Amino acid sequence: MDLSFSPSEDAFRAEARAWLTAHVPDTPLPSLETAEGFAAHREWEHTLHADRWSVVSWPEEYGGRGASILEWLIFEEEYYAAGAPGRVSQNGINLLAPTLFEHGTAEQRARVLPPMASGDVVWAQAWSEPEAGSDLASLRSTARRTDGGWLLAGQKTWSSRAAFADRAFGLFRSDPHTDKPHQGLTYVMFPLDADGVTVRPIGRLDGKPAFAELFLDDVSVPDEDVIGEVGQGWRVAMSTAGNERGLTLRSPGRFTAATDRLTALWRTTADPSDTALRDRVADAVIGARAYRLFTYAAASRLAAGGSIGAESSLNKVFWSDLDIALHETALDILGPYGELADHAAESPAHGSWAEGYTFSLAGPIYAGTNEIQRDIIAERLLGLPKGRR
Amino acid sequence: MRFLLDDEQREFARSLDGMLTAAGTPAVVRAWSTGDHGPGRALWARLAEAGVFALAVPEEQEGVGVRPIELAVGFTELGRHAVPGPLVETVAVAALLDHLDDTAPATAWLPGIASGKTAASLCLLTPDSPYALDADAADVVFVVTEDTVRVAESAGPVQPSADPARRLARPLGGTVLAQGPGVRAAAAHAAGIAALATAAQALGLGRALLDRTVDYVKQRTQFGRPIGSFQAVKHRLADTLIALEFAQPLIHASAIALAAGQPDCARDLAAAKVAAGEAAYGAARTALHCHGAVGYTEELDLSLWIRKARALRTAWGTPAACRARVLTG
């Protein structure tokens, strides 16, 4: 067993740290969840991309560095430790890009990935529908065949930052006559400014217009924007859920950096005799350490030729619970100042705890609710019988 | 970076698991609980043959060198099978004697520990370690008081634990074996090894509780369906697995830190101890609940695991003490 880094990994860490020290803005950018903040964060993507730090794990031809999983984890640790801005391109990078690497054509990769890496094209996901949430396969939006392409129709919702983004990807029912709901679906990319697309922003829990619903009225899409085989969209979408994506959705660096800040906040602000609070801080530290080590073990397994699969569900439940607990602890340490809105003048730490708390509340819901994840753990890892949901 | 057990370590775990499965530990535990230590000592000898105790003893004392990772792997299997006896205390004694300035005590006792001839117990008379476990079944009992190590004259008054396989003693009297500032450092090493071995034992215990409960809920039928098909049951078991899976890397990483002599390894050990202790205790609560009333009985072997989980949660580092250590180092 070896937990040490190689000289080249240490050098990579040093290079990343030096670059971040030189480039991370001194004052935080405006909230990513607003139009103004979105533009500022897109600008930050350009800065990252200019020195090839936006997609380190991608091949060089698409703007990456061909970094290993371990190097990616190192980069993320440094990124969040440096207090660098949130990633406006995360949905494209974490969700669409792995699908393109596995199922896309060379033409699609060459066309889609470079502008994603630079932040010139920011992607939104269009999975959920008003009647299809956890039961995603029951979705009703359709893709109808036309000459050389498809017409998309229906409604998508809870699409994060779609009000500001450029393009979206989602699943559409291309064959209405199948035996099972997850058959006959097709994975399609489409522009958000196309004729027939109406984007209606929806305020999130904190009022920021970062949610949106999409109304699609015969939106025309060429064949080149279908990923994988027609009718195989479910398999295409799910195949990337179980590999590295399980690792890359939320990197441990986020939580180690957040718990370092939490520990500092506790040391400077909290009553040391309040052992109940101390225990919660300790649990956050232990949780972040466990998540980091668990991820190193998973990365080691992948590097040794293993796979991840349903184990990514363990990750999802763990980090989403950890994220809420550590933010709740921070707000409790802040006491009455924890109530201040993130954009309030006196909001502690530039509102980062307040905004982080709101963001953490979504964790157990998105990317497959934690109930779905626990079903997967119980059925695929423990071998328990399927039951009614 | 290769944060995975190697083939040899996995094979060590598999062979111990196989040996302990064949040995039928529940009968051994029940005998031990009634004061019949014969089957337990016979099993002890087989564990020694498999090399478990030699992993805590340097080569010059007839061990295989102190190997914390392999110790953690071995103790996970001992926990999985709820093996009784002062196992943790014996390897902690090895660490204590190995770190004394004077090598004579190590020369006197460690070869016997490595070979399985000597079962030892230990108490440090600290808040983490007020009693010597199973002192009445041990061949020798060591007591540390601040900067002094004594070999106890007798096991002293012995009290039952809520886990009937454990007996808690307050050893009496004895002769001074070592004295001086070096004793404190040696006792810290002993406490570290004890925390690691206890955490590993808890992990194995929790895994066994989960495995047994998964088997049970698959075959137990109510309302015409296996209860394991109900979401309320499934999700509780899923949470149990999550807690165990995330405790394991903390244990392995703290073993690496201990092996490397890293100065902050006490903090890492404390994190591992809390996580493993809570995961095993949670597994015991879930196992009890999912078995229903039959889980609440002494006659079901599950009770041997359930009661040990509660004991290991506080042995060699209470959750509160460990959480404090995580923040203070």
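In chain B, β1 and β3 (residues 140-145) run parallel and are joined by four bridges. Strands count as paired if DSSP finds at least two bridges between them. Helices (H or I, at least four residues) and strands (E, at least two) are DSSP runs, numbered from the N terminus. This is a predicted model: local features need pLDDT of at least 70, side-chain atom pairs count only at pLDDT 80 or more, and totals for chains, interfaces and linings use all residues. Residues are numbered from 1 along each chain as its sequence is written, while chains are lettered from A in the order in which they are written.

**Sheet of chain B**
- Leu122(B) sits opposite Phe142(B) of β3(B).
- The open sheet has four strands, ordered β1-β3-β4-β7 (chain B), with mixed pairing.
- β1 (120-123) and β7 (175-179) of chain B are at the edges with a single partner strand each, so one side of each has no neighbour in the sheet.
- Neighbouring strands are turned by 25° against each other on average, direction ignored.

**Helix on the sheet**
- Helix α5 (residues 87-98) of chain B packs on the sheet and touches β1, β3 and β4 (148-151) of chain B.
- Contact means C-beta atoms, placed from the backbone, within 7 Å.
- The direction of α5(B) makes about 75° with that of β1(B).
- Axes are lines fitted to C-alpha atoms, for helices over the stretch in contact; angles run from 0 to 180 degrees between N-to-C directions.

**Contact between chains A and B**
- Chain A gives 39 residues and chain B gives 36 residues.
- On the chain A side, α9 (275-303), α10 (312-334) and α12 (370-381) each give two or more residues.
- α9(A) gives the most, with 17 residues.

Note on methods. Two residues are in contact if their C-beta atoms, placed from the backbone, lie within 7 Å.
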